[in-house]
Amino acid sequence: MANIDKSEKWLAIAAEDLVVAEDLYKLGHWLYTGFMCHQVVEKTLKAYWCVCRDDDPPYIHDHERIAKGCGLYTKMSEEQQLFLTKVKQLNIEARYQEYKNEVARTLNREKTAEILETTRQMHAWILGILKEKSSTR
């Protein structure tokens, strides 16, 4: 049986993280905007997992594995699948400063805006699927 309460908790955190990502973008913090986008996608995927499976989502940060584990990956377009790989690299939480610097060098206003917009789209797309699932119950 799906765990709607856990799904809603993941979605609440993801929504808050999206607001933080948007605020960080406005302040020009590209690296941390990217990291928060990573978090939004991960938590939204985990919310979907909770609706589709009886077990808890795994304690991993690999978006592709989470999406495959809950059956969402095959519903994604090729562009969405590629985005999972791209945003996965923005997980800087426990990384060494050298890695953070390397990732930061790949980001600028335009690239970060694209990541943020694609994150918004992915988040909205998964929310739409979750609404469809809840209306068919």
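**Close-up views of a predicted model**

**View A. Q80 sits in helix α4.** The model shown here and in the other views is predicted. Is Q80 buried or exposed? The relative accessibility of Q80 is 17%, which is under the 20% cut-off, so Q80 counts as buried. Apart from neighbours within four places in sequence, Q80 is in contact with K75, M122 and W125. M122 is also among the buried residues of helix α6.

**View B. M76 and the largest nonpolar core.** The largest nonpolar core has 37 residues. Which residues have the most contacts inside this core? They are L45, L72, M76 and L84. Two or more residues come from each of α1, α2, α3 (63-69), α4 and α6. With 12 residues, α2 gives the most to the core. Residues up to four places away in sequence aside, M76 touches L45, A67, Q81, L84, M122 and W125. In soluble globular proteins, nonpolar side chains tend to be buried together.

**View C. Helix α6 covers residues 109-135.** Helix α6 has 27 residues, and at 1.5 Å a residue these should span 39 Å. At the start of α6, a side-chain oxygen of N108 comes to within 3.0 Å of the backbone nitrogen of E110. Which residues of α6 are buried? They are T112, I115, L116, T119, M122, H123, I126, I129 and L130. An α-helix has 3.6 residues a turn, so residues three or four places apart point the same way. The cover over the buried residues of α6 includes α1 (4-26), α2 (30-52) and α4 (78-88).

**View D. T119 is a residue of helix α6.** At 0% relative accessibility, T119 counts as buried. What does T119 touch beyond residues up to four places away in sequence? Its contacts are L18, C37, V40, V41 and F83. Of these, L18 is one of the buried residues of α1.

View E. The N-terminal end of α1 is capped by N3, with a side-chain oxygen 3.3 Å from the backbone nitrogen of D5. The helix has 23 residues. From first to last C-alpha, α1 reaches 33 Å, close to the 33 Å expected at 1.5 Å a residue. Its buried residues are S7, L11, A14, D17, L18, A21, L24 and Y25. What do the buried residues of α1 pack against? They pack against α2 and α6. After α1 comes G28, which has a positive phi, near 85°.

View F. K43 lies in helix α2. Its relative accessibility is 13%, so K43 counts as buried. Not counting residues up to four places away in sequence, K43 touches W10, I13, A14 and D17. Among these, A14 and D17 are listed with the buried residues of α1. How far apart in space are K43 and W10? Their C-alpha atoms are 5.5 Å apart, although 33 residues separate them in sequence. A12 is also found in helix α1. At 49% relative accessibility, A12 counts as partly exposed. A12 and K43 are 31 residues apart along the chain, with 9.1 Å between their C-alpha atoms.

View G. The structure holds one aromatic pair. Y25 and W30 form this pair, which is tilted, with 5.3 Å from centre to centre and 50° between the planes. Both Y25 and W30 are buried. Which residue lies over the face of Y73? K68 does, at 4.9 Å from the ring centre.

**View H. N91 in the loop between α4 and α5 (97-105).** With a relative accessibility of 9%, N91 counts as buried. Neighbours within four places in sequence aside, N91 is in contact with F35, H38, Q39, H61 and Y99. N91 and L31 are 60 residues apart in sequence, and their C-alpha atoms are 9.7 Å apart in space.

Technical notes
Residues numbered from 1 in each chain as written. Predicted model: local features only at pLDDT ≥ 70, side-chain atom pairs only at ≥ 80, totals over all residues. Heavy atoms only, no water. Helix = DSSP H or I, 4+ residues; strand = E, 2+ residues; numbered from the N terminus. Expected span 1.5 Å × (residues − 1). Buried < 20%, exposed > 50% of the residue type's maximum accessible area, 1.4 Å probe, protein only. Contact = heavy atoms within 4.5 Å. Polar contact = N/O pair within 3.5 Å; in protein donor to acceptor, adjacent residues only side chain to side chain. Phe/Tyr/Trp six-rings, centres within 6.5 Å; stacked < 30°, edge-to-face > 60°. Lys NZ or Arg CZ within 6 Å of the ring centre and 35° of its normal. Core = buried A, V, L, I, M, F, W, Y, C linked by side-chain atoms within 4.5 Å.
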